Structure formats: C-alpha cells, structure tokens
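Here are my notes on the model, point by point. Please read them with the structure open.

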Amino acid sequence: MNDMRIAERAVDVNETKISARKVQVYYGDTHAIKDVDVDIEDRTVTAFIGPSGCGKSTFLRCLNRMNDTIDSARVEGTILLDGEDIYDRKVDPVQLRAKVGMVFQKPNPFPKSIYDNVAYGPKIHGLAKNKAELDEIVEKALRRGAIWDEVKDRLQAPGTGLSGGQQQRLCIARAVATEPEVLLMDEPCSALDPIATAQVEELIDELRQDYSVVIVTHSMQQAARVSQKTAFFHLGHLVEYDETGKIFTNPEDPRTESYITGRIG
Amino acid sequence: MTDLTQDMGEGASGPARPANSIFAQDARTKRRNAAERRFRMYGVIALGIGLVFLVALLFAIVRNGTPAFTQTFIHLPVELSEAKLDKNGNRDIEQIKKVSTFGYKPLIEDAVARALEENGIASPFEDAGDLTDLISSAAAAQIRDLVIANPDMIGETVEFRVLAASRVDGYFKGRVTRESLARDKNLDAEHLDVADALKDAGVIEREFNWDFILGADASESRPEQAGIGVAMLGSFFMMLVVLLLSLPIGVAASIYLEEFAPQNKFTDLIEVNISNLAAVPSIVFGILGLAVFIQFANLPQSAPLVGGLVLTLMTLPTIIISTRASLKAVPPSIRDAALGVGASKMQSVFHHVLPLAMPGILTGTIIGLAQALGETAPLLLIGMVGYIASNYPDGIASGFLDPNSAMPAQIYEWAKRADPAYYERAWGGIIILLVFLMTMNIIAIILRRRFERRW
C-alpha cells in the first residue's frame, strides 16, 4: 500500500449526475444488491471497490440498463439520471446507453478496422452528416482515448491486432465517440499490464474534465489513484460512500477498514 | 490400494536407490500404460476398418460406374430412300411424318448390309433383318427426327452415328459373354462375330457419351439411350426451392431463438423438438409432404416444387441447429460492446454477430443442401420418380410444376430395372451424384476459409 498517493484531489462540490435510491437487484431468487443509495457527481471519478461477488459490477450495469440483457435479472428502486428515472417505461435503453457509455473488463474491439470500431457508434446515432465529419469525430475520439498517435497511420488495420492496452484505449475511444455524459468502466485494467494500466489511468483522469466516470476496480491502489469518491460494497450492501481520501485514511465502518487493510475480501 | 502398501514395504532396500525410484515402473503404472497402448491400438484398428471400407466403396463405384460414361456407337451411312420416306416426292412434311419409326427399319437394314459388304464381312444370317439387332431401336427414331427436321435430305446418303444395342455395348464392356447369350433370345453368338469384325473395321467404336450426362431417361428396353440429365435438372429445381426457403426461414428462426426469445419452458420445448426433428427418418417427411402438399394443398405430383418443399422441411432442422451453434460461438463480449455504444439488439445482431457467424451458417446450409440432394425416400412418396423420356430443350421437364425426377430417385429407378445394363447406369449416376456432393462440400470449405475471421 506504499504507493497510495491520495493527492491532487479537488474537493469542489459538483452537481449530482446519477442518483440511486433503494436499488435492489435480483438474479432469480438471489438478492444481489440490497438497498443501495448513492449520488454520483458530474465531472468526477467515482470508484466502486469491494470483494468479488459483492455486487459492484452488477450495480454498475444497472446504471445503463445492461442488466436488461440478462433474463433472470430484476431491478427495483429508482435510478435518476439528471432527475429522470432511467427505469421508467418510456425510456428506451438504447437511447440511454448512448448517454451512458460503457467500457468492459476484457478489451472487446469489434473484429473490424480501427476506424470502423470508433465510427460505429456515431454512425448508428447519426452524429455525422458526411465522411469528413465522421473522420473528425473518429480522430477526436482517438485523441481522447490517447491512442491517436499510435494508430493514425493504420486506421484501416484490424482493431483486434492491437496490443491489449491499445485495445482497451481503443474501446474507451469507441465509448467516448458517441459523446456520452457518463462513462462506466467495469474493471478496465484487469487484463492489462502495469504500463498499459498507467496509461489508462492517466486517460481516466483526463476524461474527468468532461464526463462523470464510474469505475469498478479490484485494485485499491487504483481506486486511490484515480478517483475522487469511493464506494465500498460488501455482500450486496453499499457499506460506505465518501471522499476517496476519507475512505482510505479514516473509514467510518469497521468493515471498510478491514477490507482496505486486507483483513477481509 | 495393494500397490501402495507394497511400495511402502520396499522402503528398506538401501540408501543408494529410493524405494519409489522413478526409473522403475510400478505394477500400477505398467497396467495403466498397457491399457493406454491397447486403447490406441483399438483406435488404429477402427480407423483402418473404416478406411478399408471407404477404399472398397470408392473402388467399386469407380469400377462399376465409369463404363456408363462411354457407349458403343456404330457409324453408318444410311441412304434416305425417297421411295420409302416420301412416296409422292413432294416433300410434304405431313406425309413424311406419317412414316413411323417402323418404316425406317428397312433403311437401317440396308445400311447395315451395305456396311458389311463394304468391309468384306460375310453375313451369317439369311435374313438381313437379323442384323439390325446389333443396333439400338433408338436409331430409327434418331434418323426420323433428322429427316423431319430436314426434309431436303431425303434421297441423300447421310452418315449417322447410331447407338449400338445394349447387349453389343455390354459385350465390348465385358458384361455380356458368349456363354450368357446362350440363354438370351435377343442376340446370338453370330451377332458378336459380326460386331467383332465391324469393330476391327472401325465401324463400331466406343466413345464418350455426353447423352448419359445430359440426356433423358429411356424405356426399359433401351438402356443404351438412358441419361441422367433431366433428373439433374429436377434436382437443380428442387435445390433452388430448398435454398430459397430454408436459408431465410432457418436463419431467421435461429436468430430469433438465440438472440431474442426469452428462455422459458416453451422455447425449451421448441429447442428439444428441433433437435428431434433433425433425427426424424426422411420417409416421415415424405408422407407428411404427400398428405399436406399433394392431398391437402392439391399441388401437382412429381413436381420439383413439392419435392423442394418436403426437402426444405427436412433441411430446416439441420440449418437451424448449425446456425444456432455458430451464433452461440460468437463471443458475448461482442454483443456487449455493441450494446454498450448504444446499438439496438437488432443492430448488434445484424452488424456484428451475424457477420461473425456467417461461415458457420453457410457451412451448415451447404451440408444441409448436400444431404437434401442425396435424399431418396421422401421423393418416392411424393412421386418424384417421373419417367421423362424427352430431352430438356424441347422436353416437358422445364419448370417447378412440371413432373420430373431427381438424381437419387433416378438412380433408384435404374437399380430397380431388370436389364443388367441399367445396373451400370445406376453406378454411373452415383458417380455424378458424388461429384455434386463433393463440389458442394469443397465450396463449403472454401467459404468457411474465406469468411473466417479471428478475434
């Protein structure tokens, strides 16, 4: 735990982007998420930490209704995005997911060219009127994903031919290309080596300028490094949610303290 | 357990070598290794038996089938005598048509007699008519067709290439021997002497027979004339129906079941039933087709459309199963990725999942088609064994609703006929069928290679 630099943290108060109240998730008979209340702020990196199976990924997937694809999953409670209930009947999950982008644990570029990977989202959402505009969007997204310089000469090469870290940054570029407001990241660095991890973390910090970023991570160091707020999940409960500095230095709940000091988990 | 206690008992044999040395195999390891060697041997034996049968089968097919592709022909200058074909001499086509094939027989008689004379072969028969037994009865029709098409030729002497009678053909192919003719009323040993002499003179020749591949079936008494071409056309129409129906229906059903349908008891039931349908004997589909398409829907019998519909029913489970398997093989992360950037379910399937599953779907479809191409039993039940004796440019077998036959049904028909000459035709038909099947399988392999993408 020696590299837990909890520094450079602007503790200014941002507006609430996502507000969850009394969220319950069931997988069949299993009660996976119990009574979670959380307010996720705009232009902030929020980290979800906790032992495996504690429900942090499940909760993350509730935020853009990716759980809809699992037949047995059932969500109760309210999750408001800018004050609007995302589980309302009138909400089209497809539209929601354009606003709440997602990056997955395993880099999963489409087996298409780098260009097509990034251009796919803008294309299906009609964000570009012509080829020139699309080129511009792709370049901007790849620059945002901090991968432009590495791939600008081979945009037509297959995205699956990149290294793991490059693939993950390509996926981040793909996610930001649709101009989302919130970016959900489900353990984005678990398949990457330390160097690629550092690159992605740097990128996450930059993305904070424009987005609300929610990141699920198994690495407490990573949570400490990149996030401003941290939520600790345990057995489906949200145990503690506070400034990252406070969680890691002076947690209120004894379970949080046990986890970050390595006694449970 | 006994091995274990033994090993422990040997513990005191000295410090130089440990009791459980890795150089010495204990009894248990020896037994295990022996069992493995035995199992490998069984595998090799099983493989060997399979190979032996395969080689024997291929050898038999090639050996019995290749003679069907060549046929014995007789080159005969025939004088188209005006006195016999057009008595009035005014070239009235209606008058010429009145002369039946029987009226052409004397012309052939003369032609054969002259051929013998020219080549200095003495006829062993008193009656010149006996000599015409060397020639297929199809020859008269062949000459008549030409005369009706070109009445101006009457009066000229025209060189014809006519089919030899099937027994003469069989004699040169080794199927008919002088001994077997002793019990045969159609041909005598003297005929064979004449045939041998004509062969030496170059009048009789064995040549490649395109009519076997392109021609129509012939009656029981003229195996030398029979071809598989019309049946091939019937099979082609059927395959077209099968492809056009089973590919879209099968793929749509599998995409729905795999990607959209909820997982419940009902879809489980459908799934089990599709798997079972794939194992239903094809004759069951045949009787179903008979009941539904012909008796209930009143579609014509023997029509490639009906055959195609029945084979579609049979092929659908194969296509659905292979399509679902290849959809399943697409990693779920691709679907997540598409949904994650805001694609709809359908966009994620059609833009990303389906292209990746395409090689598997195509392979499954072609395998299904190949299976349907070789299917015989259901065709027998819906009467896809039409006897079509005319060639197809002007024949009747020209569409989806005209009566026709199919390649495997034609082969079955030939195998069933009494004349051993048809036996050779059946084997030849099998070679053609196998060539088609192999071509389809090669196409499947090429498509799979071409479309395969890695991720």
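1. Between domain 1 and domain 2 of chain B, three residue pairs are in polar contact, counting pairs in which both residues are at pLDDT 80 or more. This is a predicted model. Helix α7 (residues 166–173) of chain B contributes four residues to the side of domain 1 that touches domain 2, the most of any element there. By class, that side of domain 1 has no nonpolar, two polar and four charged residues.

2. The interface of these two domains of chain B also holds two salt bridges. In one salt bridge, the side chain of B:Glu424 meets that of B:Lys173, with N to O at 3.0 Å. Side chains of opposite charge can pair when their charged atoms come close.

3. As for the extent of the domains, domain 1 of chain B covers 70–208 and domain 2 of chain B covers 229–451. Their C-alpha centres are 46 Å apart. Six residues of domain 1 and five residues of domain 2 make up the contact. About 350 Å² is buried between domain 1 and domain 2 of chain B, and carbon and sulfur atoms give 32% of that area.

4. One residue of chain B deserves a separate look. B:Glu207 sits in strand β3 (residues 204–208) of chain B. Its side chain is in polar contact with the side chain of B:Arg161, at 2.3 Å. Setting aside neighbours within four places in sequence, B:Glu207 touches B:Phe69, B:Thr70, B:Gln71, B:Phe73, B:His75 and B:Arg161.

5. Now the interface of the two chains. Chain A and chain B together bury about 1700 Å², and 62% of this lies on carbon and sulfur atoms. On the chain A side, the residues that lose the most area to chain B are A:Phe110, A:Pro111 and A:Tyr120, which together account for 30% of what that side buries. The contact involves 23 residues from chain A and 20 residues from chain B.

6. How many salt bridges are there between chain A and chain B? The count is zero. Polar contacts do cross this interface: six residue pairs, both residues at pLDDT 80 or more.

7. Which elements give two or more residues to the side of chain A that touches chain B? They are α2 (93–99), β6 (100–103) and α3 (114–125) of chain A. Of these, α3(A) gives the most, with four residues. The residues of this side of chain A divide into eleven nonpolar, seven polar and five charged.

8. Chain A on its own contains ten helices and ten strands. Its radius of gyration is 18 Å, close to the 18 Å from the globule rule for 265 residues, so chain A is as compact as a globular protein of that length. Along the principal axes, the C-alpha atoms of chain A fill a box of roughly 55 × 45 × 35 Å.

9. Over all chains, the salt bridges number 31. Among them is the pair A:Asp82 and A:Lys17, whose closest N and O atoms are 3.0 Å apart. This pair links distant parts of chain A, 65 residues apart. A:Asp82 lies in the loop between β4 (73–81) and β5 (84–85) of chain A, while A:Lys17 belongs to strand β1 (residues 16–27) of chain A.

How values were computed. Residues are numbered from 1 along each chain as its sequence is written. Chains are lettered from A and ligands numbered from 1 in the order in which they are written. This is a predicted model: local features need pLDDT of at least 70, side-chain atom pairs count only at pLDDT 80 or more; totals for chains, interfaces and linings use all residues. Side-chain values use heavy atoms; hydrogens and water are left out. Contact means heavy atoms within 4.5 Å. Buried area is the accessible area (1.4 Å probe) that two parts lose on being put together, summed over both. A salt bridge is a side-chain nitrogen of Lys or Arg within 4 Å of a carboxyl oxygen of Asp or Glu. A polar contact is a pair of N or O atoms within 3.5 Å; within protein, one must be able to donate a hydrogen and the other to accept it, and residues adjacent in sequence count only if both atoms are side-chain atoms. Ala, Val, Leu, Ile, Met, Phe, Trp, Tyr, Cys and Pro count as nonpolar, Asp, Glu, Lys and Arg as charged, and the others, Gly among them, as polar. Domain bounds come from an automatic or database domain assignment. The radius of gyration is taken over C-alpha atoms; the globule rule is 2.2 Å times the number of residues to the power 0.38.
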